[in-house]
Each structure stands twice: as C-alpha cells, then as structure tokens.
Amino acid sequence: MLNCGRWVLFHEQEEKYLWRGGNKTCPRWFTLVCVSQESLSSGTFEQLAMPHFDRLYNFACWLTHDRQEAEDLVQETYAKALKGFSSFQPGTNFRAWIYRILRNAFLTSRTGLQATATVPLDLDGEAEALPTAKETPESILLQRSDLQLVQKAMEQLPVAYREVLLLCEVEEMSYQEISATLSIPIGTVMSRLSRARQALRVAVREKQGSQPKA
Amino acid sequence: MACDRWIEKLDAYLDGELPASEARALSEHLRGCSACAAESLSRLQQKRTVQTAGQRFTPDPAFRVRIQESIAARPSARRSWFRLPVLATAMALVVVITLFFALNRSRRSEQQLVSELADLHVATLASSNPVDVVSSDRHTVKPWFAGRIPFTFNLPELQDSPFVLVGAKVSYLNQAPGAELIFRVRQHQISVFIFQERAVGNLQTRDSVQTALSFNVRSWSLNGLRYFVIGDASAQDLDKLSDLMKAAG
C-alpha cells in the first residue's frame with residue numbers, strides 16, 4: 001500500500017480485502033488501484049475503533065464521574081474520530097489517536113474545564129524521595145477487599161494523575177503511547193506517573209486510617 | 001541511601017520500560033536487598049490493584065449498538081455521498097462534451113452546406129444562362145424535372161404574391177441531384193433548392209433561419225425533402241416565399 005495523503009494506492013489483491021463487500025476477482029495482480037481514503041475509511045474505521053469501545057467508555061467514566069456525561073463524551077469521540085479519520089496516518093498508533101481525541105473532547109467540556117481548573121500547580125516536578133522505609137507491604141495493603149477504597153482514592157486524584165494512572169495500569173499503554181496520547185514528553189510521563197502513584201498511596205493510606213477497623 | 005537510585009527505577013522496571021541491561025542489574029539487586037524487594041512487591045501489588053480497580057465501568061449494550069450504528073451508517077452514507085456526485089459529474093461531463101462536439105460538428109457541417117448553397121446561388125446569378133427551363137408557369141417547370149431528378153415536389157400558386165418564377169435548373173449537392181428554382185421579387189433573385197434529405201446528410205431537421213455571406217437563408221424539411229431558400233431579398237420576403245412553398249408542400 002502506498003499512501004499519498006488523501007489517496008491510497010493499493011495492490012489490486014489488497015483491494016479485495018479492503019473494499020467491504022469487494023468480491024472482485026481480477027487476474028491482473030499487478031495493477032495499482034487508486035482508492036480514496038474516505039472510501040477506505042468506511043471499511044476500516046469501524047474495525048479499528050469498535051474494539052476500544054468498552055475501554056474508552058471506562059476511561060470516559062473515570063474522567064467525568066458521570067455515566068451520562070461519559071456516554072456523550074464517547075459519542076462525541078466516535079463522531080470526531082470518524083470525521084477526522086482521513087487525517088489519521090495509517091501505520092501510526094490508532095489507540096493513542098482515539099484516546100487523544102476523547103481526552104481533548106473531555107478537556108474542552110464543562111466538566112473537563114472544571115477539573116483542570118482545580119489542578120495543583122506542580123504536577124510534574126521531580127517526585128520527592130519516597131518514604132520507603134516507613135512503608136511496608138502491609139501498610140498499603142491493597143487487596144481485593146480494598147478495591148472500593150482504592151476506587152474512591154482514584155476518584156479524588158487530580159485528573160492529570162488519574163488519566164496517567166489509568167492509561168498505564170488499566171490500558172497498559174507504553175510510556176511512548178501515553179506520551180502520544182497526552183501530548184507530553186516521555187520524561188513528563190514518568191515523573192507524573194511517579195507522583196500519581198505516590199499520591200494514590202497517600203490517599204489510600206489516609207482512607208485506611210480513617211476507616212474503622214473491622 | 002544506596003537503594004535510592006534503584007527505587008527511582010523501580011516504576012519503570014515494573015512497567016517494563018527499563019532497558020534490558022538495567023532491568024537485569026535491578027533484578028539482581030532485588031534478589032539481594034530485602035527492603036527494595038519489599039518496596040517492589042508493594043508497588044507491584046498497587047499496580048495490580050489499580051488495574052483491577054480501574055476496570056470499573058461497563059457500557060450499556062444499547063449504547064454500544066447506538067455507537068456502532070452511528071459509525072456504520074455514516075460511512076455508507078458518506079461513501080454514496082462521496083461517489084454519487086462524482087459519478088453524476090462524470091456522466092454529465094461526458095454528456096456535455098458529446099453534445100458539444102455533436103452540436104459543433106452539425107453546426108459546422110450546416111454552415112458548410114449553407115455556404116455551398118450560397119455559392120450555387122451566386123453562380124446562378126452570375127451565369128449568363130442562369131436557368132435550364134425558362135418559365136413562369138409552374139405546370140411547365142414541375143414536369144420538366146421529371147426524369148432529371150429522383151423526386152418530385154409541388155410549386156406554389158404565385159398569382160397573388162409579389163414573387164415571379166423565373167425558371168429552374170438541376171443542381172447538385174454532395175453528388176446528389178436536386179432542383180433549383182429561381183424566383184424574382186422586385187429586383188431580387190431568390191433561389192429555392194430542393195434536395196433529398198439523404199443528400200444533405202444527417203443534419204438536424206429543425207427549421208432554421210440564418211445568414212451566409214450576407215444572404216438570408218431559410219431551411220426546412222418536408223416529406224423527406226430538404227428545402228433551402230436563399231437570396232439577398234429581405235427576411236420578410238424570404239419568409240413569405242418559404243410559407244408559400246410550405247403551403248404547396
């Protein structure tokens with residue numbers, strides 16, 4: 001396949017797979033076929049985008065804290081992604097691309113603006129030396145029974161920490177992908193992630209402390 | 001503390017982002033350092049817990065269907081939206097170009113024909129022997145053509161008109177014989193040419209009014225014959241003669 005911007009040149013054999021419902025059998029295998037990216041996108045957008053649906057929705061819920069708002073966000077994301085699919089460069093990371101669309105849509109939404117307005121100023125500074133000596137696995141016992149507690153703690157994290165944690169732990173994105181999704185350098189991804197984890201640890205510990213012992 | 005530089009790298013290590021050589025060195029260290037091993041275990045546990053805790057919300061199946069429909073319906077609409085105008089434009093373009101050339105060609109050949117008729121008319125005017133049969137009587141002229149041309153035609157009654165039949169001769173257009181009738185109105189001479197349609201070729205059969213070399217030309221088809229009226233008389237005279245000829249059929 002040879003991509004020249006708006007148009008894509010295909011080997012005719014490839015074309016058979018890429019055109020939906022294309023059952024053309026042409027013996028000339030070496031003919032190049034010019035296919036508009038728009039017509040190509042109709043066949044592949046759904047195939048590329050739908051596998052991310054459940055996780056995008058989950059991510060949207062974590063960002064918005066509201067199911068209805070999350071639905072609207074996901075809907076907007078799919079509409080925007082479909083509309084802008086011709087600008088998506090085939091061969092680049094689709095997941096990072098569609099997450100970036102969702103995140104940008106969130107940031108410009110009312111909830112997003114409110115969330116980012118209350119963010120502490122120094123999010124990405126060097127993480128302070130961790131109080132490792134004071135912590136033992138027991139002190140931050142994050143077991144299944146504590147799941148709700150952890151979820152509460154995550155909910156209360158600033159959105160910048162929450163999203164980086166979700167992308168890393170839940171979406172299992174590489175630092176490179178997170179960097180592409182959030183449009184920040186890898187160094188910032190690492191420091192933000194480190195601070196987010198630390199903040200979560202602190203929040204969980206606080207919650208554990210305030211919980212009445214069973 | 002010596003372990004600090006290892007702890008710094010612990011997150012990247014657990015995230016699988018540490019280069020292989022450093023990862024090896026760190027895992028070597030973890031085997032020997034219980035504090036770092038404990039910290040590593042704690043962070044791994046946190047990682048796992050967040051992973052589980054993070055997978056919290058499941059979309060409504062109806063919502064999934066809605067999204068799927070919205071992106072499945074739009075591309076097909078988009079595709080037909082995209083292709084239909086292209087096809088339509090292409091087809092319209094072909095039609096327009098074909099029409100343009102066809103019209104142009106027929107107009108060109110029509111002009112060619114008219115200028116040829118003008119030449120014939122001028123040649124008749126210039127000739128010292130302009131007509132082969134000199135008669136103002138239509139009952140003389142019409143039979144005279146019998147056997148000379150492969151068709152017959154009717155001549156109008158000119159008694160109450162300003163036109164006078166001067167005479168007639170056999171004329172040729174595209175190697176086909178036809179009749180040329182010469183009329184006079186005041187001092188103007190008008191030629192009426194009658195040819196078979198097939199001699200004229202597949203010209204458009206609509207009636208036409210035009211000028212060639214400043215001569216007025218009227219043309220129409222009737223009963224498989226093509227009539228041309230050409231002369232330097234006024235347009236009204238030509239129209240009047242044309243009407244007389246048409247009425248005679």
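Me: Which residue is the bridge partner of Val170(B) in S3(B)?
Reply: This is a predicted model. In chain B, strand S2 (residues 163-173) runs antiparallel to strand S3 (residues 176-185), and 10 bridges join them. Within S3(B), the bridge partner of Val170(B) is Ala179(B).

Me: Which residue in the turn between S2(B) and S3(B) has a positive phi?
Reply: The two strands form a hairpin, with 2 residues between them. The turn residue with a positive phi, of about 50 degrees, is Asn174(B).

Me: Is Gln176(A) buried, partly exposed or exposed?
Reply: Gln176(A) belongs to helix H9 (residues 175-182) of chain A. A buried residue needs 20 or more neighbours within 10 Å, and an exposed one has 12 or fewer. Because Gln176(A) has 13 C-beta neighbours inside 10 Å, this residue counts as partly exposed.

Me: Is H8(A) roughly parallel or roughly perpendicular to H10(A)?
Reply: Helix H8 (residues 159-170) and helix H10 (residues 186-210) of chain A pack with their axes 9 Å apart, at an angle of about 105 degrees. Angles of 65 to 115 degrees count as roughly perpendicular. Therefore H8(A) is, relative to H10(A), roughly perpendicular.

Me: How many nonpolar residues does the contact of H8(A) with H10(A) have?
Reply: Val164(A) and Leu165(A) are among the H8(A) residues in this contact, and the H10(A) side includes Leu193(A) and Arg195(A). By class, the contact has no polar residues and 2 charged ones, and the nonpolar residues number 10.

Definitions and conventions: Residues numbered from 1 in each chain as written. Chains lettered and ligands numbered in written order. Predicted model: local features only at pLDDT ≥ 70, side-chain atom pairs only at ≥ 80, totals over all residues. Pairing = 2+ DSSP bridges. Helix = DSSP H or I, 4+ residues; strand = E, 2+ residues; numbered from the N terminus. Axes fitted to C-alpha atoms, helices over the stretch in contact; angles between N-to-C directions. Parallel < 35°, antiparallel > 145°, perpendicular 65-115°, else oblique. Contact = placed C-beta atoms within 7 Å. Nonpolar A, V, L, I, M, F, W, Y, C, P; charged D, E, K, R; others polar.
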